[in-house]
Amino acid sequence: FFFNDTATTEIYTEQIVGSVRCVQETGYQRRVHGDEFTCRREFQLGYLGEKFDRSNCNKTCDNCIANKPCIEKDCTEITKDIINCLQSQQCQITLLQLGKTLKGKKDSQDKRSFDHLPIYGKLSTWELKDIEKLLKEIMYKNFYYEKGVQNYFGHMSMYLEVLHKNVRMLMSNNTQVLVKYLDQDKIKKKKNFLLAKKKKKKKKKKSTLR
């Protein structure tokens with residue numbers, strides 16, 4: 001399934017149940033889809049309160065097979081800035097709009113402008129995909145969720161709604177927001193190593209033919 005599929009699930013579940021309980025239930029599904037580093041078995045058993053040694057997976061899940069190098073960034077402070085902005089400004093904004101706002105990028109197709117927000121361009125040096133990864137991690141931690149709002153014409157928009165109860169722990173420094181990103185330096189070094197190895201092999205082959 002895709003990341004947005006669970007958003008649709010949340011809308012209908014919330015309409016039936018009449019609460020935001022569905023946010024916690026589908027948050028796990030979103031995290032499983034978005035996590036490209038953690039061993040699947042380690043993740044699933046951890047969700048059930050059990051511990052699992054990743055080495056016992058023996059590369060039988062997609063993440064262990066890929067074995068992508070990653071670095072962990074502490075994004076706690078920028079998360080606080082985002083939440084404070086959403087709480088103080090009380091504006092209707094989608095996940096995509098928030099990402100572009102942090103990047104300092106205006107959408108020509110969007111009539112609404114968010115350049116007045118204090119977080120506008122706050123992460124201008126970041127790649128948009130990395131910003132979106134952070135915003136999804138904030139959602140996984142249930143600091144906000146996507147609430148479906150239907151307009152007069154029946155069009156559904158997913159606006160971010162802050163979960164104030166969970167935010168208190170963040171603001172009182174009782175929790176951290178750590179996000180895993182691809183380690184581009186390690187990937188570059190590996191590519192250069194493989195390229196040099198390939199050139200060396202090719203050169204050796206030519207000398208043998210002579």
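A salt bridge is a side-chain nitrogen of Lys or Arg within 4 Å of a carboxyl oxygen of Asp or Glu. The legends below apply this rule to a predicted model, in which the count comes to six salt bridges.

**View 1. The salt bridge between Glu77 and Lys80 in helix H5.** The closest N and O atoms of Glu77 and Lys80 are 3.6 Å apart. Both residues belong to helix H5, which covers residues 76-89. They are separated by three residues, about one turn of the helix. In an α-helix there are 3.6 residues a turn, so residues three or four places apart point the same way. The two partners fall into separate accessibility classes: Glu77 counts as exposed, at 53% relative accessibility, whereas Lys80 counts as buried, at 10%.

**View 2. The salt bridge between Lys68 and Glu36.** The closest N and O atoms of this pair lie 2.9 Å apart. Lys68 is partly exposed, with a relative accessible area of 37%. Glu36 is also partly exposed, and its relative accessible area is 24%.

**View 3. The salt bridge between Glu36 and Lys133.** Glu36 forms a salt bridge with Lys133 as well, and here the closest N and O atoms are 3.5 Å apart. This pair likewise links distant parts of the chain: Glu36 lies in the loop between H2 and H3, and Lys133 lies in helix H7, 97 residues apart. Salt bridges that share partners join Glu36, Lys68 and Lys133 into one network.

**View 4. Helix H7, which carries Lys133****.** Helix H7 runs through residues 128-140 and has 13 residues. From its first C-alpha to its last, the helix reaches 18 Å, close to the 18 Å expected at 1.5 Å a residue. The buried residues of H7 are Ile131, Leu134, Leu135, Glu137, Ile138, Met139 and Tyr140.

**View 5. Asn142, which follows helix H7****.** The chain beyond H7 includes Asn142, whose phi is positive, near 60°. The helix that Asn142 follows ends at residue 140, and Tyr140 is among the buried residues of H7.

Technical notes: Residues are numbered from 1 along each chain as its sequence is written. This is a predicted model: local features need pLDDT of at least 70, side-chain atom pairs count only at pLDDT 80 or more; totals for chains, interfaces and linings use all residues. Side-chain values use heavy atoms; hydrogens and water are left out. Helices (H or I, at least four residues) and strands (E, at least two) are DSSP runs, numbered from the N terminus. The expected span of a helix is 1.5 Å times one less than its number of residues. Buried means under 20% relative accessible area, exposed over 50%, partly exposed in between (1.4 Å probe, protein chains only).
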